[in-house]
Amino acid sequence: MHDATDSAAYRDPDLPVARRVEDLLDRMTVEEKAGQLVGTWAGHLHHLNEVDDVADLVREHGLGAAAPFGWGGSIGTEVDEIVDIVNDLQDVALEETRLGIPLLFNVDAVHGHAYVAGATVFPNGLGAAATWNPELIEAGADITATEVTATGAHQNYSPTCDVGREPRWGRVFETFGESPRLVAEMAAAKIRGYQGEGVEDDDSVIATAKHFPAYSEPERGEDAAPVDVSEYKLRNTFVPPFEAAFEAGVESVMPCYNSINGEPIHGSERYLTDLLRGDLGFDGHIVSDWGGIRHLTEEHKTARDLREAVYDSRTAGLDIASVGNDREAEALVDLVESGDLAESVVDESVRRVLELKFRLGLFEDPYVEKGAALETVGADDHQQAALETAREALTLCANDGILPLSGDEDVFVGGPNADDLLHQVGGWSVESAEHVAGTTIREELEAHVDGAVSYEQGAELAAKLDVEAAAEKAADADVAVLALGEGWYLHEFGAGSPRTETGEFPTREQLDLPEPQQALVDAVVETGTPVVGVLVTGRPLAVERLDEQADAVLMAYYPGTRGGKAVAETLVGANDPSGRLPITVPRSTAQTDAHHDYLNQPRPIGDHEHPDSYDPLYEFGHGLSYTDFEYRGVAVDDTDVGPGDTVDVEVTVANVGERDGSEVVQVYSSAEGTTLVRPERELAGFERVDLDAGEERTVAVQVPVERLGVYAPGDGHRVEAGDYDLVVGDERRTITVDGEYL
């Protein structure tokens with residue numbers, strides 16, 4: 001159908017991308033330009049869009065982006081049907097539109113290509129961060145990109161750069177925890193893994209840093225609720241991971257749903273243009289979160305109608321409306337043709353979109369091969385990488401000596417998460433267990449112990465089952481393993497999941513174990529059989545009572561398709577638990593604002609009358625091992641440094657136990673005498689080290705002096721001259737920064 005000749009410049013792959021973009025842009029009508037800036041979906045969202053509906057939208061409105069698979073309500077789940085959908089829709093775009101512009105497909109592959117049957121599913125965000133191993137996370141992201149591209153998608157709506165400061169929030173499990181430094185390192189690692197040497201690579205995808213600039217500390221812990229935040233906190237807590245994403249070369253940014261200081265971000269020129277493109281220098285393309293534009297009129301109520309919402313988002317700086325459908329495309333055309341929106345605004349966004357499509361090679365070959373996709377998705381070596389990540393994520397929070405098990409014990413297994421694959425992979429994953437290529441904790445314990453393994457669930461997430469039967473079986477065992485915690489959920493703990501009803505646990509009002517799970521714990525503890533609590537959970541639950549009752553507590557997070565095996569291996573000692581908490585575990589729901597990097601403050605009536613500012617159940621960075629480590633001396637390579645220097649913090653770490661193990665050396669910084677109030681301590685750097693039994697090694701952690709600085713509202717980032725302490729364990733070394741502010 002397209003009438004562009006084969007000799008058109010934009011069809012010549014040997015020409016520079018910029019020339020191809022301008023040639024194609026010059027040929028486009030307003031309608032075709034608008035179409036390139038609007039996407040759609042196949043599946044159940046506001047209404048059902050069939051694949052044929054998507055094809056019609058491409059033909060009639062020239063829509064340039066789509067999500068026919070790879071998200072929660074999508075039509076496509078099986079690999080073979082996904083490939084057919086992709087190829088059929090690309091054929092429509094290339095052969096049945098005037099200019100033959102290929103489609104850009106996007107997915108939510110936030111912890112593996114997890115919305116596709118049989119895919120490799122890695123631990124969700126918090127679990128990934130618990131590895132404190134950016135290289136491992138980068139390798140996993142590279143695998144995810146390989147599986148995503150094999151099925152025909154080009155953009156991944158990941159990584160999450162939000163700093164997890166609110167454990168009641170239903171999306172905290174997507175984050176890399178509470179430390180801006182840890183989040184920055186992990187987000188940058190994912191971007192490197194997704195994008196490789198560049199999106200021109202065959203197995204790379206466009207990474208999307210989200211949700212800019214501050215989503216994760218909403219009022220009431222309610223998803224998408226307003227965030228009121230000072231410029232000081234915005235720039236020093238929430239923005240740094242995005243700055244790391246830009247340094248890593250991220251190609252795309254997604255705004256947050258919420259308003260900040262009264263401005264909804266999808267319609268805010270202050271945040272999307274002045275801050276993102278101006279101050280921070282981002283020059284990639286900006287995609288809406290799915291309902292972000294519609295929310296301006298329907299929820300935020302800052303726009304009178306959809307047309308005004310589209311205008312606000314475009315003048316703010318948005319490039320692609322992810323699921324705008326025909327309504328937003330038509331509104332955009334009307335805005336330009338009426339003269340209310342300058343066509344140059346649209347042209348600038350179209351340039352960004354077309355540039356990506358050319359760089360991705362879509363004009364030359366947008367199709368995918370079914371056999372290759374089937375071989376790639378969930379490949380054995382990919383699943384092995386997921387197992388390695390789950391092993392390193394598992395965090396032993398408490399242990400009275402019951403672990404590791406010898407493997408000869410008779411083991412009772414119970415709890416709602418012992419034999420449920422959907423709970424094990426968690427949200428942003430398929431919703432049918434038949435589509436999960438994994439094994440459960442129960443199945444893997446049966447394979448890893450020589451003694452008898454009995455099972456009785458005893459409780460659902462929020463409902464009692466046969467607790468008495470569970471207690472009877474536990475009484476006959478040598479040890480009881482209770483897999484507790486949360487199940488599959490999204491956003492506000494539901495989002496259409498068949499597993500829970502809105503208002504039931506998990507919910508933001510409750511961080512402690514619900515009564516049915518606690519009743520199971522009580523009944524098993526009453527038998528006298530030692531108890532190991534395994535927490536399969538998205539959030540840091542307040543489990544002080546479990547900590548008092550159990551002989552060991554293992555944090556499994558949402559460990560993914562190979563999480564069951566990783567848990568079993570760890571319980572029997574085949575894997576040393578080496579995860580460290582990326583987020584504080586509170587004592588109660590009342591302690592939800594506890595985080596390690598709290599600001600210094602006065603204590604007007606004295607320290608002895610002031611409760612500890614930071615006294616959680618388990619601290620940030622905490623994690624036990626089956627061996628013992630000693631730190632033997634901390635040194636810095638230079639004590640007098642300039643603002644642009646890097647300090648090497650060296651420490652000798654010795655494994656003085658009888659087992660091989662891994663330690664995470666954590667370096668914290670603190671400052672005194674600065675003009676702005678600073679945290680009592682904050683993570684400045686870290687390094688993971690593997691040590692054989694009896695081995696010792698000197699580890700160097702690099703700390704750029706710039707990290708010791710602060711963003712001062714009105715003045716920008718600066719490192720003040722003065723003394724700073726670098727702290728490792730109980731030892732601290734002071735360095736002096738000379739020179740002027742940066």
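I count helices (H or I, at least four residues) and strands (E, at least two) as DSSP runs, numbered from the N terminus. I take residues as numbered from 1 along each chain as its sequence is written. The model is predicted, so I note that local features need pLDDT of at least 70 and side-chain atom pairs count only at pLDDT 80 or more, that totals for chains, interfaces and linings use all residues, and that side-chain values use heavy atoms, with hydrogens and water left out.

**Entry 1: cis peptide bonds**

I looked up Pro 159 in the loop between strand 6 (155-156) and helix 7 (180-195). The bond from Ser 158 to Pro 159 is cis, with omega near 15°. Phe 212 and Pro 213 are also joined by a cis peptide bond, with omega about -5°. I placed Pro 213 in the loop between strand 7 (206-212) and helix 8 (231-238).

**Entry 2: overall form**

I find 22 helices and 27 strands in the protein. The radius of gyration, taken over C-alpha atoms, is compared with a globule rule of 2.2 Å times the number of residues to the power 0.38. The protein comes out at 26 Å, close to the 27 Å that the rule gives for 742 residues, so it is as compact as a globular protein of that length. Along the principal axes, the C-alpha atoms fill a box of roughly 80 × 65 × 45 Å.

For exposure I use relative accessible area: buried is under 20%, exposed is over 50%, and partly exposed is in between (1.4 Å probe, protein chains only). Of the 742 residues, 63% are buried.

**Entry 3: positive phi**

I noted a phi near 60° at Lys 301, a positive value in a residue other than glycine. Lys 301 sits in the loop between helix 11 (292-298) and helix 12 (306-316), and counts as exposed because its relative accessibility is 63%. Asn 325 likewise has a positive phi near 60°. Asn 325 belongs to helix 13 (residues 325-337) and is buried, at 7% relative accessible area.

**Entry 4: salt bridges**

I count a salt bridge when a side-chain nitrogen of Lys or Arg is within 4 Å of a carboxyl oxygen of Asp or Glu. The structure holds 55 of them.

Glu 217 pairs with Lys 233, with the closest N and O atoms 2.7 Å apart. Glu 217 is in the loop between strand 7 and helix 8 and Lys 233 is in helix 8, so the pair ties together parts 16 residues apart in sequence. Glu 217 is partly exposed at 24%, and Lys 233 is partly exposed at 25%.

Arg 545 bridges to Asp 522 at 2.8 Å between the closest N and O atoms. This pair links distant parts of the chain, helix 21 (residues 544-549) for Arg 545 and helix 20 (residues 515-526) for Asp 522, 23 residues apart.

I also checked Arg 220 and Glu 219, whose closest N and O atoms are 3.5 Å apart.

**Entry 5: position of Gly 72**

I located Gly 72 in the loop between strand 4 (65-67) and helix 4 (79-95), where it is partly exposed at 36% relative accessibility. Gly 72 and Glu 375 are 303 residues apart in sequence and 23 Å apart in space, C-alpha to C-alpha.
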